[in-house]
Amino acid sequence: MNIEQFNQLSPSEAKSVIEGCVAIAGWQQQLVAARPFLSLQQAMATARRLTEGWGESELCLALSAHPRIGETAAGSMSHHTASRAEQSAVLSAGSQIKQLMTAGNRAYEQRFGRIFLIRAKGRSPQEILTQLQRRLGNNEVAERQESLRQLREITLLRLQEILL
Ligand SMILES: NC(=O)NC1=NC(=O)NC1=O
């Protein structure tokens with residue numbers, strides 16, 4: 001839908017349209033409340049600004065709605081559909097890459113205590129695997145910042161898809 005249509009929606013309708021972007025209720029509510037937007041650009045700038053305060057707790061909230069890289073998101077909600085589309089290249093990757101990714105995901109979860117999050121859209125399975133192995137070497141603070149950057153990219157890409 002375009003930005004005018006989004007502006008016209010009731011608050012509950014607007015929330016249901018964008019809730020699949022990220023499972024953080026505060027961000028959803030703030031974005032809906034910031035309407036009406038003069039343009040798509042203004043909406044995207046506001047959406048980005050509203051991600052700047054995200055920390056560990058928002059990351060944990062959001063990860064409840066992101067399947068592991070290489071695992072299909074079962075379900076029919078919009079974030080399930082978005083995940084499957086974003087991960088399409090990974091899901092059709094060869095078994096060798098998939099085995100390495102499964103092992104990498106497990107090592108990541110043992111090290112950081114949460115799932116590995118990366119903006120998968122536009123990345124080849126090999127690049128995702130390279131990023132996973134690089135990030136395994138990060139310390140906790142650096143890795144939290146990196147995960148939050150990826151969450152922001154995923155969220156804004158999903159919003160752009162909806163509002164284009
Ligand atoms: N664990 C993940 O990184 N999941 C995902 N990345 C995406 O871009 N979409 C996902 O579902």
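Modeller: The largest cavity holds about 120 Å³ of space, where a cavity is a set of points on a 1 Å grid over the protein atoms alone at which a 1.4 Å probe fits but cannot get out. For the volume, grid points are joined across faces, edges and corners, and the space filled by probe spheres set on them is what counts. The structure has one cavity of 30 Å³ or more. Its lining takes in 17 residues, with His66, Glu86, Gln87, Ile118 and Ile154 the closest to the centre; a lining residue has an atom within 4 Å of a point. Helices here are DSSP runs of H or I with at least four residues, strands are E runs of at least two, and both are numbered from the N terminus. By class, the lining has nine nonpolar, three polar and five charged residues. Ala, Val, Leu, Ile, Met, Phe, Trp, Tyr, Cys and Pro count as nonpolar, Asp, Glu, Lys and Arg as charged, and the others, Gly among them, as polar.

Keep in mind that this is a predicted model: local features need pLDDT of at least 70 and side-chain atom pairs pLDDT 80 or more, while totals for chains, interfaces and linings use all residues. Residues are numbered from 1 along each chain as its sequence is written, and side-chain values use heavy atoms, with hydrogens and water left out.

Around the ligand are 15 residues, and Pro67, Ser83, Glu86, Phe116 and Ile118 come nearest; to be near, a residue needs a heavy atom within 4 Å. That shell divides into eight nonpolar, three polar and four charged residues, and α6 (78-86) and α10 (140-163) each supply at least two of its members.

As for polar contacts, i.e. pairs of N or O atoms within 3.5 Å, a polar side-chain atom of Ser83 is 2.7 Å from a ligand oxygen. Taken alone the ligand exposes 300 Å², and the protein buries 100% of that, by the Shrake-Rupley method with a 1.4 Å probe.

There's a pocket to look at as well. The largest pocket has about 210 Å³ of space; a pocket is an open set with protein on both sides within 12 Å along at least five of seven lines. Its lining includes Gly20, Lys121, Arg158 and Glu86, and α6 gives the most, five residues.

Notes:
A polar contact is a pair of N or O atoms within 3.5 Å; within protein, one must be able to donate a hydrogen and the other to accept it, and residues adjacent in sequence count only if both atoms are side-chain atoms.
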